[in-house]
Amino acid sequence: MSALGLQSVDWQMSLNEQAHHTDKFSSQELIVRRGQLFYMSLTVHRCLDYNRSATFTASTGPYPSESAKTKAVFPLSNRISGTGWGAQLLCDDNNVLSISILSPANAPIGRYTLSIEISSEGNDSTTKLGTFILLFNPWLQADSVFMSNHDEREEYVQEDAGVIFMGRTNYISAIGWNYGQFEEGILNICLSLLDNSLNFHRDPATDVARRDDPQYIGRVLSAMINANDDYGVVSGNWSGNYVGGQDPRNWNGSVEILKQWQISGFRPVRYGQCWVFAGTLNTVLRSLGIPSRVITNFNSAHDTDKNLSVDVYYDPRGWPMDKGSDSVWNFHVWNEGWFARTDLSPSYSGWQVLDATPQERSHGVFQCGPASVVALREGNVDWDYDMPFIFAEVNADRTTWIYDAWTGGLKKSSSNTHTIGKDISTKAVGSNSRMDVTEKYKYPEGSSQERQVFEKALRKLQPSMSFRATSTRTFREEREPSISGKFKITDILTVGKEVNMALMLKNLTGDPKTVMVNMTAWTIVYNGTLVHEVWKESVSLSLSPNEEIQHPVKIAYALYEKHLKADNMIRATAVCEISDETEVVVERDVILDNPTLTLEVLDQAHVQKPVTVQILFSNPLDELVKDCKLIAEGSGLMLGTLEIDMPNLRPREQSQVDFEILPTRSGTKQLLINFSCDKFSAIKGMLPIKVVE
């Protein structure tokens, strides 16, 4: 830029980042949002005059092109006209040029290089001014991610911590999750995620050009967060054996996962399960400026054959059978991103399902979504993207079968139209309480609208069928059962204690009945994966006419101790057979409570002032607890994670740990704790801490 003699560039970082709501990012680079003016000043040796003209070039990606809108050339003028790229000279004072620059509201997001060309009396000289990062702009009505509600924007874009709901229907719990989208280096990692995608490797020019569209980016990210097809972030594991990696329950947030992925040279981080994929995707979406939230669906169906029915099999002994590829997960976690669907009518914009958990391939890749939540509610399963699979997750019927391997016989035990897709949950705006969004996904269970939508979806998926889905296999027709049954909890369920339940059986007829009952109990992973059989019993029970009895079920700690996974889940099953009648299957998944951590901050927390946190833990067992480790994490409270190895704990002994944190930002921040040892895989603690300036 010899024609002007450039001395320095001032990117007006503080001014711009306040105005663009990017001031929370830890970055030395200017971060702005598209469609909104930003300001800079150039200090030069010579001022501009009528002999000299200036032209800016903004470009992104390895093959910038004006036709692909990844390169823009625009003059410095006295005013900006139109909605494309533009630059205005605001002031030329003592050789300091004050300039405003506007990007289009539909520009591709990413890292841009900005240069200036000076033309003076036939001589041209070009100088690179530097780079800046352009993000989506939920504050701007012209942007396709615009969100009008202030409180929702603060929650779904700016909030860097939250909770994710888990457990099972009627026993919902929450864990804290550190999204940490503003932590140092995280935005750069999110941008490198896009540059490691299959789409970028196949055709980088087209991929970068399509980054103007949150719909496209959401779909790419749903593939990149899992490591199944590409250079993705997290490797999934539902086996219960996590040797060679981290038990998925031990993660406190996305920051360490994303950093580990980058440091390793983009090798998959081991291991994740659905909430890990969803928590990590939420970080990336919010970092790039797409409003997003984490959704939990309880009793979530995995329907592989698009018949809107999941088939579950047991043998006559009560053993769950790994037969068929359908399954029902106690819970499943996915994301919603907020943006316009330009391929659909405007009423289907808004929340869109994105699911990064690798379950089924879509166009040859483990990716899922975006699927309009409004369209799901209306049963439009023939629309893009992956609507049949997601519709089934919240709407499928559940059919239970008894399979006799000796004879090959298949008997239908029951079919239930209302157990799938319960208590669909997300974090409420402004608090950690649970907000139920089930009615956003479907009409009330059992209502005429809900059944009509189900039939509509089924006709679209299987046009030749105008009736409810049934199995294509031959089976004995089910009769009305003569008995009913359920498992009842009779004592507090706690790890380290005996599991006490009762099998309740009721004779529904006026005739006496003799019931042969085969019961089993297995430790399981939350998605139904069987880990180990820990208990079984066979018993013959007599019921008088219309009598209800209860049979005690006791599972000693010694039986399940070595086989319980961090999910703390046990599945009890009873196959109840009356001669020449259809068996009745009774099942229940129970969750055992962990002991609790007591967390306390010992003084008022101030920015850049150390404060002590105290943690208390009591060993509830009558045996030694070894290999104790505590991991602490919290955006705005500490840099990175803190790992503390703790001494062994004798039976019933209480342990106290004190450590210091150094808050870096004011506001209410969330401290997350994971305690693990040889007897307890993942005990979670969460403490909100108010930090003042």
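**Group meeting: cavities, a pocket, a helix and a proline**

About 70 Å³ of space lies in the largest cavity. This is a predicted model, where local features need pLDDT of at least 70, side-chain atom pairs count only at pLDDT 80 or more, and totals for chains, interfaces and linings use all residues. Residues are numbered from 1 along each chain as its sequence is written, and side-chain values use heavy atoms, with hydrogens and water left out.

First, terms. On a 1 Å grid over the protein atoms alone, a cavity is a set of points where a 1.4 Å probe fits but cannot get out; a pocket is an open set with protein on both sides within 12 Å along at least five of seven lines; lining residues have an atom within 4 Å of a point. Grid points are joined across faces, edges and corners, and volume is the space filled by probe spheres set on them.

The structure holds three cavities of 30 Å³ or more. Glu155, Tyr156, Gly162, Val163, Tyr179, Arg286, Arg293, Val294, Thr426 and Lys427 line the largest cavity. Two or more of those residues come from each of α2 (150–158), β10, β14 (292–302) and β22 (422–427). Helices here are DSSP runs (H or I, at least four residues), as are strands (E, at least two), numbered from the N terminus.

Next, the second largest pocket. Its volume is about 550 Å³. It has 25 lining residues, with Ser173, Ala174, Ile175, Asn594 and Lys684 nearest its centre. β10 (161–168), β11 (171–178) and β38 (683–692) each give two or more residues to that lining. β11 gives the most, with five.

Now helix α6, residues 214–224. Buried or exposed? Mostly covered: 11 of its 11 residues are buried, meaning under 20% relative accessible area, with exposed over 50% and partly exposed in between (1.4 Å probe, protein chains only). Tyr216, Arg219 and Met224 are among the buried residues. Asp213 caps the N-terminal end of α6. One of its side-chain oxygens lies 3.0 Å from the backbone nitrogen of Gln215.

Last, Pro316. It sits in the loop between β15 (309–314) and β16 (320–321). Why does Pro316 count as partly exposed? Because its relative accessibility is 25%. Leaving out residues up to four places away in sequence, Pro316 touches Ile402, Tyr403, Asp404, Asn518 and Val575; contact means heavy atoms within 4.5 Å. Pro316 and Val585 are 269 residues apart in sequence, yet 9.5 Å apart in space, C-alpha to C-alpha.

Methods:
Polar contact = N/O pair within 3.5 Å; in protein donor to acceptor, adjacent residues only side chain to side chain.
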